Structures are given as structure tokens and as C-alpha cells.
Amino acid sequence: MRIAVVSPSKYIQQAGIISEIGAYTAVLGKSALVVMTSNNALRIGKEIRCSLEKYGCRCIFADFSGDTTQAEIERIASYCTKESCDVIIGAGGGQALDTARAAANMLDKRLLIFPTVASNDAPCSAIAVIHNESGQVVEVRELKHNPDVVLVDTEIIAKAPARFLVSGIGDALATWYEARACAEKGIKTHAGGCTGRAALALAQLCRDTLFELGVQAIESVRRGEVTEAVEEVVHAAIYLSGFGFENGGVAASHAVNDGFTALPQAAKLLHGELVGFGILIQLELENNHREKKKVCDFMRKIGLPTSLQELGLKDLTEDELQKVSETACGALVMKNMPFEVMPNDIFAAIIKTEKEY
């Protein structure tokens, strides 16, 4: 049996940690290209520059366009080379971080990731999701290594709209159910080994933390407060889930997400919202109705959509649902389920879930 484990070299989470970003960057290099949107530059750019300069690092900002396309990755990489930067900092949401990751991978640069929302479990990973110019996912790119440093400022996370953390909980909640399925199937994970006990233990801890503290955390974030519940849930959503999915594997919940992203109507939805709905579909496929009800009840308490209607997709035609089902079945991760899943199985599970919830 081959066991392999991957993770970022350092993960540090604390309210106000942005003031120390320069200290962690200075260990990696002396000149940093900061990839972020113009909006985030207005919000936190000054703090990042001040911290970098305090620790003797040159700070160059690269205005991220908002889409992780190959053209954008190459533009950022070219700018990094032009400015002779030896560190790339990705600051912002998922696509800004993916672009920074992919550019650093292309140039073999050191990488620091600074998420401003906890909407998914990607920050710690060695994976970048690449889109085409129309916004559709065209590649899930496996990179050479995980970030050198991941810094998470829970004060910034708590000030973001609560919808982002709700989405992050949806993505993270899938970790246990998918890792369990992958372990049963005996798949090879992103890390290059089987789903080992460490991955399963952290995936289960992630789920248990969310069930225990998720409601409290969302209530705190809606008040803009950083509480112990927020700290624990953010840690679960970013680190525990990130470790869990890379070393444990993903399955039907993410495949269902892939199926819905084939529809233009789903473009407004966050990744974790679709993955959360995908958990219900996976549990239906597994005939695990007791757990499905438990997950659904929890999702309702924190505000995750549990139906097509709540997702804003109640008007989908039968042909569109068939397209979702076929695309989901065609996703590579669907093959990680321990039994064969056909498009009609997905279609039936969606219809049944819609009727029940």
C-alpha cells in the first residue's frame, strides 16, 4: 500500500495576520508580485505594501482581471519576469489564488497564498482550476507543489459577506463523504497514494467541526465578529478540508458541481453552494437517507441551498437536467465512487431530492 501526503509548508491563521505578511514573504525572497483585483487592492493593498516594505521586500501589484484563463496566467507570469520578482503572492478569492498558483508553477517561483474569503478549500492545494474565455472549466491543473505559505486573516474573512463562508462550509462538508467513498474504491489521490488514515481522520474532524460550530460561526460572521467558532470553522473549511480532499480524494459531490457548471444559469452560484447540493445527490446515490436528512437539516440552518428552487434553477428543462447528469457522469472524479453511476442515476437523484426538499 502506497501512502503519500501533501500540504502547504506553513499554514498560519490569526486575526490581523496581514500585518505580518512581509515577515513571511522575506523568508521566501526580496521582491514580490502581488496578484489581486483592483477592489482588493483598495481594501488591503496598503497594508500589504507597508508590511512588505517594513521587512525589506519590494512590492509590485499585478491587477488580476477576475478570470483564471491561460492567457491571464501567462500575462501574470510575463509581468513577474519583467519585474524580476522572486515571490508571487496570491491575495483574494479562488480565481485570483488559482492564477497566482499557476503562474508561480510556470516560473518555479516561491508562493504565498492570502485568501480574503473562506468560500472553498483550494488555498492550501497544488491544484488550479482553469477556465476558458466564456467562464467554463476546461482544466483542473495539478501543480508541482503546494504553497510555501498560507496566511489566513480571520478578521478579513469575518468582514466578507457571510455567503462566502456558507459556501466554504458546503465545500468542506463534502470532504468526509467523498474521502469515505474514495477509500472504499481504493483510488489514487492527488497526493499520489491511497486514502490513508490521516486524511480520513482530518476529513471526519472537518465534518464534526462544521456540525458542531457551523451555525455559531455563520451567526458571528453576520455580525462581523471573530469568535472561537469562526476560527475553528475557517480552519476546517480551508486547512482540514484542503488536506482532506488532496490526500483523501473527491467523488460524486464535486462531479455534480461540474455537471451544473455546464449551464450558463449556474454561473452566479458559488462553488460550495453547488458542491453542497452535490452532497445530497451523492448520499441519495448511496441510499444513505438518514445521513442525507442530517446534512440537509444542517445546510438549511446555515443557509445553503438544498433544492433547485433555492439554487435559482427551478426552471431547468428536462434536457438541461439531462445535460447536467451526463456532464456529471463524464467527470473523472465520478469514477471515484465505489459503484458505477449512470446519467439516469444522477437525473433520478436530482428529481427525488427536489421533491423531498
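This is a predicted model: local features need pLDDT of at least 70, side-chain atom pairs count only at pLDDT 80 or more; totals for chains, interfaces and linings use all residues.
## Helix α2

Helix α2 spans residues 38-54. It has 17 residues and reaches 23 Å from its first C-alpha to its last. That is close to the 24 Å expected at 1.5 Å a residue. The helix also bends, by about 65° at I44. Just after α2, G56 takes a positive phi of about 80°.

The buried residues of α2 are N40, I44, G45, I48, S51 and L52. Their cover includes two helices, α1 (21-26) and α5 (154-159). Strands β2 (31-36), β3 (58-63), β4 (87-92) and β5 (110-115) also take part in covering them.

## Residue N40

N40 lies in α2. N40 counts as buried because its relative accessibility is 8%, and the cut-off for buried is under 20%. Setting aside residues up to four places away in sequence, N40 touches G45, A91, G92 and T116.

## Nonpolar cores

In soluble globular proteins, nonpolar side chains tend to be buried together. Here the largest nonpolar core has 103 residues. L210, F260 and V295 have the most contacts inside it. Helix α6 (residues 162-185) gives the most to this core, with 12 residues.

V295 is in contact with L173, Y177, F211, I279, L280 and L283, leaving aside neighbours within four places in sequence. Another core, of 22 residues, lies apart from the largest one. Among its members are Y24, I44, L52 and I89. I44 is also where α2 bends, and both I44 and L52 are among the buried residues of α2.

Terms used
Residues are numbered from 1 along each chain as its sequence is written. Side-chain values use heavy atoms; hydrogens and water are left out. Helices (H or I, at least four residues) and strands (E, at least two) are DSSP runs, numbered from the N terminus. Buried means under 20% relative accessible area, exposed over 50%, partly exposed in between (1.4 Å probe, protein chains only). Contact means heavy atoms within 4.5 Å. A nonpolar core is a set of buried Ala, Val, Leu, Ile, Met, Phe, Trp, Tyr and Cys residues joined through side-chain atoms within 4.5 Å. The expected span of a helix is 1.5 Å times one less than its number of residues. The bend at a residue is the angle between axes fitted to the seven residues ending there and the seven starting there.
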